[in-house]
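The sequence and structure come first.

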Amino acid sequence: MSPSRQDPPATRPDAALAPGPEPLLERPGLRPAGVRQLMRDVALPYASNGMIGLIFTASGPIAVTLAVGAAGGLTQDQLASWVFGILFSGGAATLLMSLLYRQPLGFAWSIPGTVLLGPSLQHLSFPEVVGAFFTSGVLILALGATGVVRRIMSAVPMPLVMAMVAAVFLRFGTDIVASTQSNPVIAVPMVGAFLVLSAVPALGRFLPPVLGTLVAGCLAVAGSGQFNPAEGGPVLAAPVFTPPEFTWAAQLELVVPLALTVLFVQNGQGIAVLRAAGHRPPVNVFAVVSGAFSVLNAGFGAVSACVTGPTNALLTSSGTRERQYTAAVVYGGLALACALLAPTLTRLMLATPTEFVLALGGIAMLRALQQAFVTAFAGSFTLGSLVTFVVTVSGLNLFNIHAAFWGLVIGYTASRLLERQDHAGY
């Protein structure tokens, strides 16, 4: 067997890379990638996927972050530090993990976690919220170090997890339709470019479909005069440290929801997407690294770090499995560069029409959305998958915890009660 080849995914999601019990912290199945290996493996499609992943991550999600922070009364310096922290930690964690495991292991930050901060910032001070960031990071790290995360994730059948992923990703598909309707000047050329490059393989080999979509969108934005960057402002990031305050009110309100969102909503999506693409992500190591970088983020006044489904879906959207880690390396390198230029990046990304970002992200996510539906409903556990999908789509929010978590809990419970035969063979 060639040393650069990875084995196909095992039937059980927690299968080890070698016979015998898997170590608490999963070891790489291959030698870490060096500079020569990286240069041999990188190519235009992978660089394109990495760039699309960065554009997607640094546009809509940053807009959400800025909106939540501004509504919570954060200063410009605090917001800039938050953006620097999440981009820096995402890039550094991605580079470290992807080169070490030679897999596309993309890190970013918790968008559901950011959203749940909105109401909290209305009655908690920012130092109190930062104190919760620190505590949740330590909790995430500790849970990963015990191994409990992998045991829980391995107990949930993959179809149920992918049903949750399908529900979360569904809005990316509908965003294409909404963007085409609200701003056809921008979205229609992007959809057209994707269809032509996908339908004509000769053209697609010359210009990857998603990269062609990006080019068409940039030309449409420039030609329509819809690029309106704000003038002035700092160029380089200047991160600031917010001294944390540890109060019972903030700890009880935020720590557990933030930890559950990272470990089972965000990381759960990323793990499911990577497994569906044929990779074997290190579940416990993911939790430990997410916790460590969440503590780092807290030092910059930023929300928890995590593995995300959308980013990893983009990084694995094309190419051969063995070389997809190079897309993550490109993504991580660009994220670090953008962290240094966080204020400038933020102004540029917010200057583009919303429809450009929505259409680009939706088109790039189509294959992942298709795979999620196929895995969720093509075989066993279909009723549990349906319940998971419906609850997640419903937006159910209890105790400040995202609907995707409750979708898994309720869907798994229903499946255990009503699909006992499927569980007997799992």
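## Helix 17

In this predicted model, helix 17 spans residues 354-364 and is largely enclosed by the rest of the structure, because nine of its eleven residues are buried. The buried positions are Glu355, Phe356, Val357, Ala359, Leu360, Gly361, Gly362, Ile363 and Ala364. Burial here means a relative accessible area under 20%.

Phe356 of this helix also belongs to the largest nonpolar core, where it is listed with the residues that touch the most other members.

## Nonpolar cores

In soluble globular proteins, nonpolar side chains tend to be buried together. The largest nonpolar core in this model holds 75 residues, and the members touching the most others are Met97, Val165, Phe169, Phe286 and Phe356. Helix 8, residues 158-182, supplies the largest share of this core, with 13 residues.

A second core is separate and has 43 residues, including Ile86, Ala335, Ala342 and Leu345.

What does phenylalanine 286 touch, leaving aside residues up to four places away in sequence? Its contacts are Met97, Leu105, Phe107, Asn267, Ile271, Leu274, Pro281 and Val307. Among these, Met97 is another of the core residues that touch the most other members.

## Asparagine 284

Asparagine 284 lies in helix 13, which covers residues 283-299. Its relative accessible area is 0%, so asparagine 284 is buried.

Beyond residues up to four places away in sequence, asparagine 284 touches Leu24, Leu25, Glu26, Gly144, Gly147, Val149 and Arg150.

## Positive phi in loops

Most residues other than glycine have a negative phi. Arginine 102 has a positive value, near 50 degrees. This residue sits in the loop that links helix 4 (76-101) to strand 1 (107-109). Is arginine 102 buried or exposed? Its relative accessibility is 9%, so arginine 102 counts as buried.

Phenylalanine 381 is not a glycine either, and its phi is positive at about 60 degrees. It is located in the loop between helix 18 (366-377) and helix 19 (382-394). Phenylalanine 381 counts as buried because its relative accessibility is 4%, which falls under the 20% cut-off.

Note on methods: Residues numbered from 1 in each chain as written. Predicted model: local features only at pLDDT ≥ 70, side-chain atom pairs only at ≥ 80, totals over all residues. Heavy atoms only, no water. Core = buried A, V, L, I, M, F, W, Y, C linked by side-chain atoms within 4.5 Å. Buried < 20%, exposed > 50% of the residue type's maximum accessible area, 1.4 Å probe, protein only. Helix = DSSP H or I, 4+ residues; strand = E, 2+ residues; numbered from the N terminus. Contact = heavy atoms within 4.5 Å.
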